[in-house]
Amino acid sequence: MHVQEWLETIPAVSIYALVGLVIGLESLGIPLPGEIILVSAALLASQHGEINPFVLGACASAGAIIGDSIGYAIGRKGGRPLLAWLGAKFPRHFGEGHIATAERSFEKWGMWAVFFGRFVALLRIFAGPLAGVLRMPYWKFLIANVLGGIIWAGGTTAVIYYVGVVAESWLKRFSWLGLVLAVLFGLTSMLVLKRKAKKAQGAVRETETVGAAE
C-alpha cells in the first residue's frame, strides 16, 4: 500500500507518534526511511486539516534530537568495539569504508558534521553514535544536534506542507511525486556517499597493508 494512503487510515495522534518514533530510531543508528515517512505525513497534513503541521514538525524535531542524543550516549559507552560489532552485523551500512568516510567528515568539520549530517540520508545514521565514539564534547554535539534536528525536520515539514497547500488540487492526482523526489534525493546522496566510502575503504586497506609490511 502507498505510504500516504496507509497513513490516511490511522489517527492523527498515531501519525505524530509514528513520525517521531521512526525518525528517532533512524537518528539513533537504525536504518529506517525517516525522510520518506516525514514527507508523506507533511503531504497528508497539507490535504487534511486534522493533522497539525506545527505539531508534526515538533514531533519530527523531537524524534531527531532525542534519537541522536541516545545514539551519542550509546556510542560514547560502546566506543570502537561498538563500531566493529555494527560493521560485522550490518556491513552495508556500517562497513569500514562508511565509517572511515564519516570519521573524515568529523575530523574536517567537527561539530558541524553533526549538523550537516542531518541532511544526508546515510550520515543521519552515523552522526550520533560516531560523535559519542569520538568523544565529542556533549555541549558541542547538543548545539549541532538541536539546530540540525529543528532545521531539517521543521524545515522539511514546512516546505512540503507549503508546496502541498499551494498545489493541493495537483497533488491530489500526483501526490506520489513528492515521495519519488524524496527517494531519488536520498538514493543520490547515498550513492555519492557509497562511492566515497569505497575510496576511503581502499585507503584504509592500503594503510593496513603498508603497516603489515613494515
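**View 1. The largest nonpolar core.** Of its 22 residues, I15, V19, I23, I51 and L56 touch the most other members. A nonpolar core here is a set of buried Ala, Val, Leu, Ile, Met, Phe, Trp, Tyr and Cys residues joined through side-chain atoms within 4.5 Å. Buried means under 20% relative accessible area, exposed over 50%, and partly exposed in between (1.4 Å probe, protein chains only). Two or more residues of this core come from each of α2, α3 (34-47), α4 (53-89) and α9. Helix α3 supplies the largest share, 8 residues. Another core lies apart from this one; it has 16 residues, among them F106, L123, A127 and F141.

The model is predicted: local features need pLDDT of at least 70, side-chain atom pairs count only at pLDDT 80 or more, and totals for chains, interfaces and linings use all residues. Residues are numbered from 1 along each chain as its sequence is written, and side-chain values use heavy atoms, with hydrogens and water left out.

**View 2. The whole protein chain.** The chain has 11 helices and 0 strands. Helices (H or I, at least four residues) and strands (E, at least two) are DSSP runs, numbered from the N terminus. Along the sequence the pattern reads α-α-α-α-α-α-α-α-α-α-α. Of the 214 residues, 45% are buried. Contact means heavy atoms within 4.5 Å. Among contacts between residues at least 6 apart in sequence, 80% join residues at least 24 apart. The chain exposes about 11,300 Å², and carbon and sulfur atoms supply 68% of that area. Accessible areas come from the Shrake-Rupley method with a 1.4 Å probe; for residues, only the protein chains shown count as cover.

**View 3. Helix α2, residues 12-28.** The expected span of a helix is 1.5 Å times one less than its number of residues. For the 17 residues of α2 that gives 24 Å, and the end C-alpha atoms are 24 Å apart, so the two values agree. The buried residues in α2 are A12, I15, Y16, V19, G20, V22, I23, G24, E26 and S27. G29 follows the helix, with a positive phi near 130°.

**View 4. I23 and its contacts.** Leaving out residues up to four places away in sequence, I23 touches G34, L38, A60, G63, A64 and W152. I23 is also one of the residues that touch the most other members of the largest nonpolar core.

**View 5. E26, a buried acidic side chain in α2.** E26 lies in helix α2. Its relative accessible area is 4%, so E26 counts as buried. Not counting residues up to four places away in sequence, E26 touches L32, G34, E35, A121, R124 and I125.

**View 6. The salt bridge between R118 and D68.** A salt bridge is a side-chain nitrogen of Lys or Arg within 4 Å of a carboxyl oxygen of Asp or Glu. By this rule the count is 1. The closest N and O atoms of R118 and D68 are 3.0 Å apart. The pair links distant parts of the chain, 50 residues apart: R118 sits in the loop between α7 (112-117) and α8 (123-133), and D68 in helix α4. R118 is buried, at 2% relative accessible area. D68 counts as buried too, at 2% relative accessibility.

**View 7. I143 in helix α9.** This helix covers residues 138-166 and holds I143. I143 is partly exposed, with a relative accessible area of 37%. V114 is 29 residues from I143 along the chain, and their C-alpha atoms are separated by 9.4 Å.
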